[in-house]
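Visitor: Hi, I'm new to this one. Can you walk me through it?

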Amino acid sequence: MSSMPETSPLSSALPGTAAPAPVAHKAVAIWLFGCALMVFIMVVIGGLTRLTESGLSIVEWRPFTGIIPPLNAADWTALYRQYSQYPEFQKINGWMSVEDFKSIFWLEFIHRLWGRLIGVVFFIPFVFFLAKRSIDGATKWKLWALFILGGLQGLMGWYMVMSGLVDRPDVSQYRLTAHFGLALVIFIALLWVGLNQYAPRGATTPAAKRGWMLLALIVFTALSGGFVAGLDAGYAYNTFPLMDGQVIPDGLFVFDPTWKAPFEDHMTVQWDHRWLAKLTFVMVLLFWWRAGKWGLTAQQRVATHLVLAAVCLQVTLGISTLLSVVWLPLGVAHQAGAVVLVGTMTYAVYRLSEGRSAGGV
């Protein structure tokens, strides 16, 4: 790939000096899209790990030596004995033999190994593109920030696991939601920077601003789902559209203290997620309907269609997961669907940033 000189922001701001036209770097974009896909897969593996209660099977965090799996019976016995000293084994899984332990160990091992692989796949090409001067100055700092966020995500993952190694045999719903939220931030950033490397967009339109607000609502709704997952709240009140036979069930927000109910009370947490999901669905419908009047390009309109399709799929998966009492395949698909919806909305905002968008007024 040909090199490109970095341009100082000050030089483009001088009177009489035209700002340099954005330059596409499709190889950089494809690399970032690949990293975003790996983050998506990571979230799916994380959901599977959570739903199979495998996340506490590895009780040590070894960032470098942790890539080596158990190689013999002695290794397995040592890991099993370590696990047996912690609350999940002592309070729930005391029935497990070494062979039973292996089934939950491998899923968590793959989850952690995949996270390390994302770091390698991000860092090595990043250094290569920097050496080739294929990344402009502003983008370079964004990617350094993403690399740091990736490292913090690893720390957040271990911080989450630690919460289940003390007294309660389960991780904190607060830390789980923070871990999930950081994954979504990284995913959005990878997509956004990648899209702007593939075909730079310079305009900020009213339609794009509305898209950002809708994306924020989608992420907020997904985070409320993190509390549902962290409390296993999806295993109760498995009817729809009514909850416990009522629109507003008795016992809602009955918690001490009340302000903690949206985060720690099973009924309130699930009710909040249900209504946020309904609000998100309605807002996407309104966004899609109004977009038809904005004089969008064909590509912009396709982007809004993708968001509509994604939200319909996600609502269907959410209801199906609830009615099935969180059947494993549906539960994993529902978590994956949240990332798909976030991704399609990010793409729509990118497309709506084109200057031809009339705009959401």
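Guide: Here is a short chat about some of the helices.

Guide: This is a predicted model, where local features need pLDDT of at least 70, side-chain atom pairs count only at pLDDT 80 or more, and totals for chains, interfaces and linings use all residues. Residues are numbered from 1 along each chain as its sequence is written, and side-chain values use heavy atoms, leaving out hydrogens and water.

Visitor: How many residues has helix α8?

Guide: Helix α8 (residues 206-231) has 26 residues. Helices here are DSSP runs of H or I, at least four residues, numbered from the N terminus. From first C-alpha to last, α8 reaches 39 Å, close to the 38 Å expected at 1.5 Å a residue (1.5 Å times one less than the number of residues).

Visitor: What comes just after α8?

Guide: Asp232, with a positive phi of about 55°.

Visitor: New topic: at what angle do α3 and α5 pack?

Guide: About 85°, with the axes of α3 (residues 73-83) and α5 (residues 98-131) 10 Å apart. Axes are lines fitted to C-alpha atoms, for helices over the stretch in contact, and angles run from 0 to 180 degrees between N-to-C directions. So α3 is roughly perpendicular to α5 (65 to 115 degrees).

Visitor: Which residues of α3 meet α5?

Guide: Trp76, Leu79, Tyr80 and Tyr83. Their partners in α5 include Phe101, Lys102 and Trp106. Contact means heavy atoms within 4.5 Å.

Visitor: And how do α11 and α12 cross?

Guide: At roughly 160°, their axes coming within 8 Å. That makes α11 roughly antiparallel to α12 (over 145 degrees).

Note on methods
Helices (H or I, at least four residues) and strands (E, at least two) are DSSP runs, numbered from the N terminus. Angles under 35 degrees count as roughly parallel, over 145 as roughly antiparallel, 65 to 115 as roughly perpendicular and the rest as oblique.
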